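Please find below a colleague's note on the model under review.

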Amino acid sequence: MLELKSGDLLFIQASTEKLSRLIAASTQADMNQSNYTHVALVKRQNGNYFVLHVAPEYGCVRQTLTFFLADHPKQAIDVYRLTATKIDFEQVITRAESLLGQPYNHSFIKDQPGYYCSEFICEVFKPAAIFHEQPMHFGPHNTILPEWQTYYHRLSLPVPNGQRGSSPNSLIKENVPQNLEWLGSLQR
C-alpha cells in the first residue's frame, strides 16, 4: 500500500451508481484522463488512516480507511499529494473535522445547507487558496442532460448550470501538474 500522509487526496473514479454516472457524464473534461466523481481527504493519526469526506448517505463524515474502501469496492481510487509547501495540513484537518456532521448538499448550490464532496475540499483548503470554484456544467458543451432536469425538478430548484462550484474533475484539471502530484492507485 502507498504511504499516505495527512492532507493526501483520494480521487474516486466513476461507478455504475446513477448519481456517479451523471456526474461523470457532466464533468469529464478530457476523454483521455481518468473520470473522477468523488474526492476525500486523508488523515493519518498514530499510524492509522482515516478518511474525511462528504457522501449522500452520511453527510460530512470521518471513516477508517478500511471502511471507506469497503464503501467503494469496485472503484479505482487514485492518491494525489499537494506539492505546495505553504499548506498547514494540521489546520486543514482541523477545518475538515469542524464540518463533521454537516449534511450532504444534494443541490450542489453553494448557498444551500451542507456540502458536497469537492465543495468540502475547497472549503477545508480555503486558507491555502489552492482550489477555486469554476462555472458548473450539467452536460457536455454547456448543455443540460435530461437526467439533471429531472433531478432538479424533484428538488424544486432550477439547474445551477454556469453557477460557481466544483467537481472532482475540475479540481484535477485546475491543479495537475502544478499543485497536485499523482502518487498511484490504492491497492486492495
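Predicted model: local features only at pLDDT ≥ 70, side-chain atom pairs only at ≥ 80, totals over all residues.

1. Six strands form an open sheet in the order 4-3-2-1-5-8, and their pairing is antiparallel. Strand 4 (59-64) and strand 8 (180-185) lie at the edges, each pairing on one side only. On average, neighbouring strands of this sheet are turned by 30° against each other, direction ignored.

2. The pairing of strands 1 and 5. Strand 1 (residues 9-13) is joined to strand 5 by four bridges in the antiparallel sense. Isoleucine 12 stands opposite isoleucine 77 of strand 5.

3. The helices on the sheet. Helix 3 (residues 89-98) packs on the sheet and touches strand 2 (36-45), strand 3 (48-55), strand 4 and strand 5. The direction of helix 3 makes about 115° with that of strand 2. Helix 4 (residues 117-124) also packs on the sheet, where it touches strand 1, strand 2, strand 3 and strand 4. For helix 4, the angle with the direction of strand 2 is about 45°.

4. The setting of arginine 81. This residue belongs to strand 5 (residues 77-82). Is arginine 81 buried or exposed? Arginine 81 counts as buried because its relative accessibility is 19%, and the cut-off for buried is under 20%.

5. The contacts of arginine 81. Its side chain reaches the backbone oxygen of glutamate 3 at 3.1 Å. With neighbours within four places in sequence left aside, arginine 81 is in contact with Glu3, Leu4, Lys5, Asp8, Asn179, Leu180, Glu181 and Leu183.

Notes
Residues numbered from 1 in each chain as written. Heavy atoms only, no water. Helix = DSSP H or I, 4+ residues; strand = E, 2+ residues; numbered from the N terminus. Buried < 20%, exposed > 50% of the residue type's maximum accessible area, 1.4 Å probe, protein only. Polar contact = N/O pair within 3.5 Å; in protein donor to acceptor, adjacent residues only side chain to side chain. Contact = heavy atoms within 4.5 Å. Pairing = 2+ DSSP bridges. Axes fitted to C-alpha atoms, helices over the stretch in contact; angles between N-to-C directions.
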